[in-house]
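User: I have a chain to go through with you. Let us take it step by step.

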Amino acid sequence: MELWSSILVGSLLILAAACFVRWHVSAWRALAARARQMDPTELDFRRRQLRRRTQTSGMLGLVGIAMLVGRLLIVWRAHPTLILLFWGGVVLLVLWLGLLAVADMAATQHYFGRLRQSYLVEQARLRAQLRRMEETRGNGQADEESNRKAKGTGE
């Protein structure tokens, strides 16, 4: 029973990794089709994101293969030192996978945080410009109500 569960989980990881890699590649192709219209900063961010995510997906497939191989090492009664070194390598691979995931989250948060900040600055600039335009109507003269408010006479 344990052998079949290892085979099932390992196979599912390999299948999921293959689907993710295919998804990343198709997303990149769609993005590359409109690359000329994109900001170079966004294109660079997307290229790095693809690299991180493809690497993570590929490593997920390697973990699936490692689960199958590791289980076979146990079934074949390989030397305990070999099994220990093998699973130690798998643990390092999983830790690297986690680090890549954290790096992807941090890079995405940083990129979109900067983008949001620039939009907020632009929004504030446009609101100030709108306020100035509302204060001066028509031929550039301030309306009477604004003049009274500015002078402090609420007549």
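User: What percentage of the 155 residues of the chain count as buried?

Analyst: This is a predicted model. Buried here means under 20% relative accessible area. By that cut-off, the share of the chain's 155 residues that count as buried is 19%.

User: Which pattern does the chain follow, read along the sequence?

Analyst: The chain has four helices and two strands. Read along the sequence, these elements give the pattern α-α-α-β-β-α.

User: Among contacts between residues at least 6 apart in sequence, what percentage join residues at least 24 apart?

Analyst: Contact means heavy atoms within 4.5 Å. Take the contacts in the chain between residues at least 6 apart in sequence. The share that joins residues at least 24 apart is 69%.

User: How far apart are the end C-alpha atoms of helix α3, and why does that agree with its number of residues?

Analyst: Helix α3 covers residues 80-135, which is 56 residues. The expected span is 1.5 Å times one less than the number of residues. For α3 that gives 82 Å, so the model agrees, with end C-alpha atoms apart by 82 Å.

User: What span should α2 have at 1.5 Å a residue?

Analyst: α2 has 36 residues.

User: Which residue with a positive phi follows α2?

Analyst: The phi in question is near 55°. The residue that follows α2 with this positive value is Arg77.

User: Which element is included in what covers the buried residues of α3?

Analyst: The buried residues of α3 are Ile83, Val90, Leu93, Leu97, Leu100, Asp104, Thr108 and Tyr111. Leaving aside neighbours within four places in sequence, Leu100 is in contact with Gln55, Thr56 and Met59. What covers the buried residues of α3 includes α2.

User: Which element gives the most to the largest nonpolar core?

Analyst: That core has five residues: Met59, Val63, Leu93, Leu97 and Leu100. The elements giving it two or more residues are α2 and α3. With three residues, the most comes from α3.

User: Which element supplies the largest share of the lining of the largest pocket?

Analyst: The pocket has a volume of about 240 Å³. Its lining residues include Trp23, Trp28, Arg46 and Arg53. α1 (2-33) and α2 (40-75) each supply at least two residues of that lining. The largest share, five residues, comes from α1.

User: How many residues of that lining are charged?

Analyst: Five residues of the lining are nonpolar and two are polar. The number of charged residues is three.

Terms used: Residues are numbered from 1 along each chain as its sequence is written. This is a predicted model: local features need pLDDT of at least 70, side-chain atom pairs count only at pLDDT 80 or more; totals for chains, interfaces and linings use all residues. Side-chain values use heavy atoms; hydrogens and water are left out. On a 1 Å grid over the protein atoms alone, a cavity is a set of points where a 1.4 Å probe fits but cannot get out, and a pocket is an open set with protein on both sides within 12 Å along at least five of seven lines; lining residues have an atom within 4 Å of a point. Grid points are joined across faces, edges and corners, and a volume is the space filled by probe spheres set on the points. Ala, Val, Leu, Ile, Met, Phe, Trp, Tyr, Cys and Pro count as nonpolar, Asp, Glu, Lys and Arg as charged, and the others, Gly among them, as polar. Buried means under 20% relative accessible area, exposed over 50%, partly exposed in between (1.4 Å probe, protein chains only). A nonpolar core is a set of buried Ala, Val, Leu, Ile, Met, Phe, Trp, Tyr and Cys residues joined through side-chain atoms within 4.5 Å.
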